[in-house]
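Please look at the sequence and the structure below before reading on. The paragraphs after them go through selected features one at a time.

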Amino acid sequence: MKKWLKVKRIISGVLIGVSIGMFQGCTSIRESVSKSLGGNLCELENTQDEIRTLNYDEVKDSLIRFHVIANSDSEEDQNLKLKVKNKVIDYLYPYLNDSQSLDESRQIIKDRMQEVKKLAEEVIKDNNYKYSIKVELSRENFPDKSYGNITLPQGNYEAFRIIIGDGQGKNWWCVMFPPLCFVDESKAEVEYDKTENKINSKKDNLNLEIEVNSDGNKSEELDKQNDNNDKEKNENDVQIKFKIVEILKSLFN
């Protein structure tokens with residue numbers, strides 16, 4: 001009995017040792033793969049899960065992008081681009097942040113386009129540059145772009161663009177409608193969802209009104225149909241009653 005217990009303990013110890021060895025081996029493999037990818041594998045997996053790629057067909061005609069294109073990729077031109085961006089965003093914030101629709105945002109941009117150009121030119125002048133400024137609201141082709149945790153697929157989008165000088169440098173961009181330019185990038189998806197829900201809510205209300213009106217017309221038709229059915233039913237009842245009377249008479253006769 002004692003020998004059996006001793007053997008049992010030895011086998012248990014061996015199994016535990018093998019299990020630990022396998023776990024460490026798997027962990028080391030996982031770590032080596034992570035290092036080869038340049039980071040922690042878990043972090044990469046989580047990051048990938050958090051990125052949300054929007055459906056192009058659903059968003060291509062439902063948002064307005066905002067791009068500020070620098071004169072060049074030099075450090076000075078890139079810094080100037082950011083100064084222009086900050087000035088314009090500060091100016092447009094009170095108007096666009098509360099916009100409830102694409103058409104409303106588009107009109108706000110059109111109404112204030114010349115003022116935006118003037119502000120950008122002031123930034124250029126204040127920083128001792130002589131670059132020209134071009135502002136335009138147009139549809140442009142863009143590659144895949146991520147803003148916070150949402151990604152816009154490659155495609156043709158409406159965009160408000162400020163082009164500084166030759167416009168050969170990297171651009172700063174965000175989304176003006178839904179108004180994501182005015183929130184932290186990490187909250188972009190949340191804000192996009194909020195605006196999307198508002199839009200869908202308005203559509204639902206509109207559809208509900210249409211359905212109510214439609215149902216009203218349908219109810220009138222149903223009332224008429226029911227009236228006709230009632231008349232037919234009464235006529236049938238009268239005919240059945242007369243038939244019963246005839247049968248009774250024939251029996252007694």
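This is a predicted model: local features need pLDDT of at least 70, side-chain atom pairs count only at pLDDT 80 or more; totals for chains, interfaces and linings use all residues.

Residues are numbered from 1 along each chain as its sequence is written, and side-chain values use heavy atoms, with hydrogens and water left out.

Ring pairs link F66, F160 and W172 into a cluster. Rings of Phe, Tyr and Trp (its six-membered ring) pair if their centres lie within 6.5 Å; planes under 30 degrees apart count as stacked, over 60 as edge-to-face and the rest as tilted. Over the whole structure, six aromatic pairs are found. In one of them, Y56 and Y157, the ring centres are 5.5 Å apart and the planes stand at 85°, so this pair is edge-to-face. Y56 belongs to helix α3 (residues 56–59) and Y157 to strand β6 (residues 155–164), 101 residues apart. Helices (H or I, at least four residues) and strands (E, at least two) are DSSP runs, numbered from the N terminus. Y56 is partly exposed because its relative accessibility is 23%, whereas Y157, at 0%, is buried.

R65 lies over the face of Y157, at 4.8 Å from the ring centre. The charged end of R65 also sits over the ring of W173, 4.5 Å from its centre. For a charge to count as over a ring, NZ of Lys or CZ of Arg must be within 6 Å of the ring centre and within 35 degrees of the ring normal.

Now the sheet. Four strands form an open sheet of mixed pairing, in the order β3-β6-β2-β7; two strands pair if DSSP finds at least two bridges between them. β3 (133–142) and β7 are at the edges with a single partner strand each, so one side of each has no neighbour in the sheet. β2 and β7 run antiparallel and are joined by six bridges. H67 has W173 in β7 as its bridge partner.

S99 is in the loop between α4 (75–96) and α5 (102–126). Its relative accessibility is 5%, so S99 counts as buried. The side chains of S99 and S105 are joined by a polar contact of 2.6 Å. A polar contact is a pair of N or O atoms within 3.5 Å; within protein, one must be able to donate a hydrogen and the other to accept it, and residues adjacent in sequence count only if both atoms are side-chain atoms.

How values were computed
Buried means under 20% relative accessible area, exposed over 50%, partly exposed in between (1.4 Å probe, protein chains only).
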